Amino acid sequence: MKKIVVFTGAGISAESGIKTFRDSNGLWEEFKIEDVATWKGWNKDRSKVIDFYNSCRRQLKNVQPNDAHKALAKLEEKYKVVVITQNVDDLHERGGSTNILHLHGELTKARSTMDPSLVYDIGYEDIKIGDKCDRGSQLRPHIVWFGEAVPMMEVASNMISDADIIIVVGTSMQVYPAANLIEYVSSNAEIYFIDPNAINNLNRKIKTIREKAGIAVPELVNVLLKNA
Ligand code: NAD
């Protein structure tokens with residue numbers, strides 16, 4: 001079985017109704033990064049940070065996976081598939097994919113501010129000031145903030161380096177170190193890049209598909225399933 005690594009960003013969830021960061025009307029126009037996605041913001045006003053992610057989590061509860069998430073799950077019929085996502089939503093899981101690596105954390109989890117190994121499933125419940133981990137420290141969103149290390153990078157780069165096919169969907173490739181992952185792709189691998197605004201700034205031959213994920217991903221999946 002050939003191995004496919006799918007690398008996704010906020011764009012794959014846009015058609016489900018979750019705003020991306022950099023598109024116009026994106027989240028960053030309403031909130032400042034430093035206020036809600038950094039340790040500095042947390043130390044300044046943790047209620048504001050908690051409220052921001054609580055509202056993202058409530059929104060997530062009310063949206064559904066779209067045709068792109070669902071199509072990717074079908075690839076598992078004929079390929080060994082890993083989805084590496086920068087997204088913190090759970091739409092790949094709900095779309096049916098079974099092997100998912102969240103590089104930047106997950107909205108449906110909370111973790112200890114004292115011990116990062118203490119991670120708790122919270123589903124779509126709010127985090128509240130006063131919610132504590134087993135060691136007694138305040139719970140925070142299980143999200144990798146700007147300036148924090150991305151613990152899953154090494155696992156992700158190993159996965160990407162032995163893939164036969166890479167499918168990149170809906171990412172501006174501007175968030176590092178995640179964007180560096182593409183450097184680990186083997187020289188024999190085929191790369192597809194689906195994004196209406198895709199820019200190929202990589203020194204690689206890439207099949208660029210400037211189209212929305214909900215249209216282009218199911219089409220590409222059908223072709224790959226036929227060719228498997
Ligand atoms: P980004 O906001 O930087 O870029 C989004 C990309 O999606 C853009 O290139 C845009 O052209 C593309 N896009 C927009 N609509 C699309 C569609 N219908 N189909 C395909 N592509 C489409 O997002 P990023 O590169 O993922 O990086 C931003 C960071 O924001 C990531 O760390 C991510 O964790 C986080 N984020 C996550 C979510 C989520 O979990 N759904 C939402 C917003 C931001």
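The areas themselves derive from the Shrake-Rupley method with a 1.4 Å probe, and for residues only the protein chains shown count as cover. The partner of K109 in a salt bridge is E106, with the closest N and O atoms 3.1 Å apart; a salt bridge requires a side-chain nitrogen of Lys or Arg within 4 Å of a carboxyl oxygen of Asp or Glu. E106 is buried, its relative accessible area being 16%. The model is predicted, so that local features need pLDDT of at least 70 and side-chain atom pairs count only at pLDDT 80 or more, whereas totals for chains, interfaces and linings use all residues. Residues are numbered from 1 along each chain as its sequence is written, and side-chain values use heavy atoms, with hydrogens and water left out.

In total, the structure holds 9 salt bridges. One of them joins K44 to D35, the closest N and O atoms being 3.6 Å apart. K44 counts as exposed because its relative accessibility is 67%, while D35, at 13% relative accessibility, counts as buried. Both residues belong, together with K48, to a network of salt bridges.

A further salt bridge is formed by the side chains of E190 and K207, at 3.2 Å from N to O. This pair links distant parts of the chain, since E190 lies in strand β8 (residues 190-194) and K207 in strand β9 (residues 207-209), 17 residues apart. Strands (E, at least two residues) and helices (H or I, at least four) are DSSP runs, numbered from the N terminus. E190 is partly exposed, with a relative accessible area of 28%, and K207 is likewise partly exposed, at 43%.

Another strand residue, I165, is located in β7 (residues 165-169). I165 is buried, with a relative accessible area of 2%. A distance of 9.8 Å separates the C-alpha atoms of I165 and L224, which are 59 residues apart along the chain.

Helix α8 (residues 213-227) contains E219. A213 is also found in helix α8 and counts as buried at 7% relative accessibility. The C-alpha atoms of A213 and D67 are separated by 8.1 Å, although the two residues are 146 residues apart along the chain. G214, likewise placed in helix α8, counts as buried at 14% relative accessibility. Between G214 and I4 the C-alpha to C-alpha distance is 19 Å, and the sequence separation is 210 residues.

Both D67 and E219 take part in a patch of negative charge on the surface, where they gather with E15 and E211. Patches are made of residues with over 30% relative accessible area and no salt bridge, with like charges joined within 9 Å and nonpolar side chains (Val, Leu, Ile, Met, Phe, Trp, Tyr) within 5 Å. Lys and Arg count as positive and Asp and Glu as negative, whereas His and the chain ends are not counted. Each charge is placed at NZ of Lys, CZ of Arg, CG of Asp or CD of Glu.

Helix α4 (residues 46-61) comprises 16 residues, which at 1.5 Å a residue should span 22 Å; the end C-alpha atoms are 23 Å apart, in agreement with this value. The expected span is 1.5 Å times one less than the number of residues in the helix. The buried residues in α4 include V49, I50, F52, Y53, N54, C56, R57 and L60. An α-helix has 3.6 residues a turn, so residues three or four places apart point the same way.

Note on methods. Buried means under 20% relative accessible area, exposed over 50%, partly exposed in between (1.4 Å probe, protein chains only).
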